[in-house]
Amino acid sequence: LFELLFAETYGISLVKPSVRETAAWLSIWDADVAKEVAKRAPLLLLTAGDPASLSLSVRSTALERIVSSMKEADDSPLLDHDALRRFSSPDMAPQIRGLWKKHAASPPIRLLLLKMIWLGRMSACKDIASEAAFSTYSDGYTLILAGRGVSATADTQELRRYAAKVIADAVTMDATHLWDALDQLFMRGLGVEDFLT
């Protein structure tokens with residue numbers, strides 16, 4: 001099986017291109033295949049097969065490797081929201097928290113983790129989303145994804161607190177951030193009168 005799925009080319013370990021989808025699906029049922037795919041092509045576990053069916057240990061290993069490669073390249077892969085939502089189940093919250101402590105200063109990694117909190121509706125990480133939403137980060141994507149994370153995970157009191165911030169900062173906020181926040185908060189912490197204000 002391993003000979004069918006994996007190869008060494010010019011000293012590089014890889015999943016054979018013709019069987020990448022198959023390897024991702026087999027990773028659900030075979031721990032050894034999952035381990036090899038996570039080592040050779042961790043993004044494959046997030047973009048192919050069924051990420052929600054992977055064990056927590058496989059998803060955790062894949063995420064660690066994805067973050068490591070992002071740190072080296074200082075770049076963020078393009079990820080499908082539906083696949084990332086299925087990958088980002090609430091049981092990953094402790095790992096998200098650990099990675100946030102280590103890598104929050106890296107914009108690409110920060111964006112990935114906030115996106116996972118938002119899409120996975122990780123209530124256990126709502127403090128991270130709130131911290132980012134009320135922070136001094138200057139990049140718009142961080143603020144947008146943090147706001148979405150707050151909207152997806154926060155209780156009523158925190159939603160009102162975030163809505164008050166949006167109202168107070170509306171004049172100085174980037175238009176994209178403002179409209180995204182209004183979309184997330186309207187009738188959920190932000191009433192009609194607040195919207196008109």
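1. Leaving aside neighbours within four places in sequence, Ser88 is in contact with Met116, Gly120 and Met122. Keep in mind as you look that this is a predicted model. Ser88 itself lies in a loop, the one between helix H6 (81–87) and helix H7 (93–103).

2. So is Ser88 buried or exposed? Its relative accessibility is 1%, and the cut-off for buried is under 20%, so Ser88 counts as buried.

3. Have a look at Leu112 next. Which residues does Leu112 touch, if those up to four places away in sequence are not counted? They are Leu63, Ile66, Val67, Met70, Leu79 and Leu84.

4. Now for helix H5 (residues 56–73), where you'll find Thr61. Thr61 has a relative accessible area of 35%, so it counts as partly exposed. Along the chain, Thr61 and Lys35 are 26 residues apart, and their C-alpha atoms are separated by 8.1 Å.

5. Helix H9 (residues 126–133) has several buried residues: Ile128, Ala129, Ser130, Ala132 and Ala133. What do the buried residues of H9 pack against? The answer is four helices, namely H7, H8, H10 and H11.

6. On to the empty space. Rolling a probe the size of a water molecule over the atoms shows where such space is left. The largest pocket here has a volume of about 300 Å³. It is lined by 13 residues, and the closest to its centre are Ser76, Leu111, Lys115, Tyr141 and Leu145.

7. Where does that lining come from? H8 and helix H10 (140–153) each supply at least two residues of the lining of the largest pocket. By class, the residues of this lining divide into 9 nonpolar, 2 polar and 2 charged.

8. How many cavities of 30 Å³ or more does the structure hold? There is 1, and the space in the largest cavity comes to about 40 Å³. Lining the largest cavity are Ala133, Tyr162, Lys165, Val166, Asp169, Met173 and His177. Ala133 has already come up as one of the buried residues of H9.

9. Helix H11 (residues 156–169) gives the most to the lining of the largest cavity, with 4 residues. Sorted by class, this lining has 4 nonpolar, 1 polar and 2 charged residues.

10. Last, the chain as a whole. The protein chain has 13 helices and 2 strands, and its C-alpha trace spans about 65 × 30 × 25 Å along its principal axes. Of the 197 residues in the chain, 47% are buried. Among contacts with a separation of 6 or more, 63% are between residues 24 or more positions apart.

How values were computed. Residues numbered from 1 in each chain as written. Predicted model: local features only at pLDDT ≥ 70, side-chain atom pairs only at ≥ 80, totals over all residues. Heavy atoms only, no water. Contact = heavy atoms within 4.5 Å. Buried < 20%, exposed > 50% of the residue type's maximum accessible area, 1.4 Å probe, protein only. 1 Å grid on protein atoms, 1.4 Å probe; cavity = no way out; pocket = protein on both sides within 12 Å on 5 of 7 lines; lining within 4 Å. Points joined across faces, edges and corners; volume = space filled by probe spheres on them. Nonpolar A, V, L, I, M, F, W, Y, C, P; charged D, E, K, R; others polar.
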